[in-house]
Amino acid sequence: MTERLKKEFFGKTSNGEDIFKFTLSNSNNVSVSILNYGCVVYEINLPDKDGHVVDVNLGFDNVIDYEGNNNYFGALCGRVANRIRDGQFTLDGQKYNLSKNDPFGGHWVHGGFTGFSRRVWTWSIKENELTLQYRDPDGSEGMPGEVLTTVTYTLDEDNTLTMDYKATTTKPTVIDMGSHFMVNLRGHGQGDIKDHVITVAAGKYLEGGDDMLPTGKFVSVDEDKVMDFHEPRSLEGDVLESLTGGAAFHHAYVYDKRGERKFMARVDHPASKRYMEVSSTNTTVFAYSNHFMDVIMKDKPAKHGVVYKKYAAIEFMPMGYPNSINMAEFPQSVVRPGEEYHETAWYKFGVAK
């Protein structure tokens, strides 16, 4: 352990396994806590313009609640984030039937019933770097191949949290993971995000159908102006209600140049001056503003006893194309033996001038 990376006991799973909280911090009073249960981002503590520090990250207080984390607060979604239509796909002529855990339909979502988000991960620390690792067995949730996944976390002095994802497989399979943490920059229990300002650098997004899966159509934000956030836009009033699709932000914005670092999105909270910028090597960023919070959480108390409501937070999760394995026209996330899945996401926090 170091002053910049500390480990402490967090709790036990229902099976009696020890879970630890690892806190990365810097000299700017910024700290991020990660659990070795589901790679959960547990806390993101940020100062405001006056130096007042609050936790801006939604979540729970204990391991047992994270075992039933149906809103995936802070969790790593994998092997494959988002949805796979009908919980099935065909790869190299072999059909695979997967877990169908989508509460809104018979699809795979965010890794299945257990996935990566409800597993205990092994941990290691090297100076100020935390590494979590999990070996997912062949056939897990119906997926082919034993997959060894490593996620490395660092927090540097310019307040950038880096999540570096690597994975290998023993059989051809699909791998596409992402962190589902979501923030309210006023504070995690401080109402909705309508006082936030959003910027999204993408020029197009994937059209979604009634089943929340891509139709295959790319929509230009020049044609659909309500989805254009190239310039910073406040969410005040009915902005969220007016977004295409009728579920506020629930969109995969599309980017080119997979493998290259690129700025994707930014969230600002003008009153506190806090902000978060998201960059990634991946091909989309999934924007989600918790339109379904009330449906999923049903007034269940969360962290510090707070009951989160609709639009309580915003998420920008870098990932590949949803349901890409069933859509040949999309960039694929197939990984074969001898290959390595490798993506990186960067989250820069700060106080605006």
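How many helices and strands does the protein have? I counted three helices and 27 strands. Both are DSSP runs numbered from the N terminus, with helices being H or I of at least four residues and strands being E of at least two.

**Ground rules.** I am working on a predicted model, in which local features need pLDDT of at least 70, side-chain atom pairs count only at pLDDT 80 or more, and totals for chains, interfaces and linings use all residues. Residues are numbered from 1 along each chain as its sequence is written, and side-chain values use heavy atoms, with hydrogens and water left out.

**Overall form.** I looked up the extent of the C-alpha trace, which spans about 60 × 50 × 40 Å along the principal axes.

I then checked burial: 58% of the 353 residues are buried. Buried means under 20% relative accessible area, exposed means over 50%, and partly exposed lies in between (1.4 Å probe, protein chains only). For contacts (heavy atoms within 4.5 Å), I took those with a separation of 6 or more, and 64% of them are between residues 24 or more positions apart.

**Nine-strand sheet.** I traced an open sheet of nine strands in the order β11-β12-β13-β14-β27-β23-β22-β17-β20, with antiparallel pairing. Strands β11 (122-126) and β20 (233-234) are at the edges; each has a single partner strand, so one side of each lacks a neighbour in the sheet. Two strands count as paired if DSSP finds at least two bridges between them. Inside this sheet I looked at β22 (residues 262-269) and β23 (residues 274-280), which run antiparallel and are joined by seven bridges. One of the residues I checked was Ala-265, whose bridge partner in β23 is Val-278.

**Five-strand sheet.** Another open sheet has five strands in the order β19-β18-β21-β24-β25, again with antiparallel pairing. Its edge strands are β19 and β25 (315-319), each pairing on one side only. Neighbouring strands here are turned by 30° against each other on average, direction ignored. The axes behind that angle are lines fitted to C-alpha atoms, for helices over the stretch in contact, and angles run from 0 to 180 degrees between N-to-C directions.

Strands β18 (residues 204-208) and β19 (residues 214-220) pair in the antiparallel sense over four bridges, with Leu-206 bridged to Phe-218 in β19. The two strands form a hairpin with five residues between them, and Met-212 in the turn has a positive phi of about 70°. Strand β18 also runs antiparallel to β21 (residues 250-254), joined to it by two bridges. Lys-204 stands opposite Val-254 in β21.

Most residues other than glycine have a negative phi, and most peptide bonds are trans. I noted Asn-29, with phi near 65°. Asn-29 lies in the loop between β2 (18-25) and β3 and counts as exposed at 53% relative accessibility. Ala-248 has a positive phi of about 55°. Ala-248 sits in the loop between α2 (239-242) and β21, and is buried at 2%. Gly-78 and Arg-79 are joined by a cis peptide bond with omega of about 10°.

**Two loop residues.** Which is Tyr-37, buried or exposed? Tyr-37 is buried, with a relative accessible area of 4%, and lies in the loop between β3 (31-35) and β4 (41-47). Beyond four places in sequence, Tyr-37 touches residues including Thr-13, Tyr-66 and Arg-118. Lys-194, in the loop between β16 (178-179) and β17 (197-200), counts as buried at 18%.

**Cysteines.** I searched for disulfides (cysteine sulfur atoms within 2.5 Å), and the count is zero. Cys-39 is in no disulfide, and the nearest cysteine sulfur, that of Cys-77, is 11 Å away. Cys-39 is buried at 1% and Cys-77 is buried at 0%.
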